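Visitor: I'd like a quick tour of the strands in this one. Can you take me through them?

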Amino acid sequence: MADQLQLNPNSVTGITESSAPSDDEEPSLSSHTLAALKEFLAEQQHHSDAGGGSEVSLVSENWNLSQFWYTPETAKTVAEEVLTLCGGVHTRVACIACPTLYVYLKQMNPNATVQLLEYDKRFKQYGSDYTFYDYNLPDEIPSELKHSCKVVVADPPYLSQECLEKVAETIRLLIQPGESFVLLLTGEVQKERAAEILGLYPCGFRPQHSSKLGNEFRLFSNYDPETRLGGWEK
């Protein structure tokens, strides 16, 4: 992917793809991880004029909004799974607070119908594909999106039960009747809650972030991916 990160390594808070106005259970980076992260950012800055050419790209991470983008491998793997679930037909996908995934989906299939629900208004650059989203107001989504999505992918910004429960409300409003698929990217600590609240179970694939965070992240789903995503650990 051609997104070049130009970040401020002195404002590290939060842990995920997502952004939201809360300080609930925000893990911090170790000094070793922070040093590695600063090295990574210096390299990204050095190559900031390289690459490019994509019509859909990411803005810089904002750590004060708990934003950490996925690695290219993670974003590509999840995007491939989403496109597989779409089955090559006109299907709406919702990405809740996971802009890296949105970018990869549009780069891999420019004709994909993908809606990004995100708190950070910088993503207005995506035009009608962007919907402002505050997880504290889980039911405030456009009526045309309700029960219209075959695939919903969510990355809640915080590791609290309250945050997951509110994002789950939004997922239920977005998902279409009948065949539908839910993917959740969040911390290992949410494993039991994911099963209780949404009926989701972990896959073998382990998501990674470009900032090399030490927190263990998992990918959960409401279906058996069989040989994909490292199988299902139900």
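This is a predicted model: local features need pLDDT of at least 70, side-chain atom pairs count only at pLDDT 80 or more; totals for chains, interfaces and linings use all residues.

Visitor: Which residue in β3 is the bridge partner of Leu117?

Guide: Let's start with the strands themselves; strands are DSSP runs of E, at least two residues, numbered from the N terminus, while helices are runs of H or I, at least four. β2 and strand β3 (residues 130-132) run parallel, joined by three bridges; two strands count as paired if DSSP finds at least two bridges between them. Within β3, Leu117 has as its bridge partner Thr131.

Visitor: How many residues of strand β2 are buried?

Guide: Buried means under 20% relative accessible area, exposed over 50%, and partly exposed in between, with a 1.4 Å probe and protein chains only. Strand β2 covers residues 113-118 and is mostly covered. Out of its six residues, the buried ones number five.

Visitor: What is the handedness of the crossover from β1 to β2?

Guide: Strand β1 (residues 92-96) pairs with β2 in the parallel sense, over five bridges, and Val93 stands opposite Val114 in β2. The chain gets from β1 to β2 by way of helix α3 (residues 99-108). A crossover is called right-handed if, with the strands pointing away from the viewer, the path from the first strand over the helix to the second runs clockwise. This β-α-β crossover is right-handed.

Visitor: And which residue in β4 is the bridge partner of Val93?

Guide: β1 and β4 run parallel, with four bridges joining them. In β4, Val93 is partnered by Val151.

Visitor: Which residues of strand β4 are buried on each side?

Guide: In a regular strand the side chains alternate between the two faces of the sheet. Strand β4 (residues 151-154) has both faces covered. One side has Val151 and Val153 buried, and the other has Val152 and Ala154.

Visitor: Is Ala94 buried or exposed?

Guide: Ala94 sits in strand β1. Beyond its neighbours within four places in sequence, Ala94 has contacts (heavy atoms within 4.5 Å) that include Gln115, Leu117, Val151 and Leu174. Its relative accessibility is 1%, so Ala94 counts as buried.

Methods. Residues are numbered from 1 along each chain as its sequence is written. Side-chain values use heavy atoms; hydrogens and water are left out.
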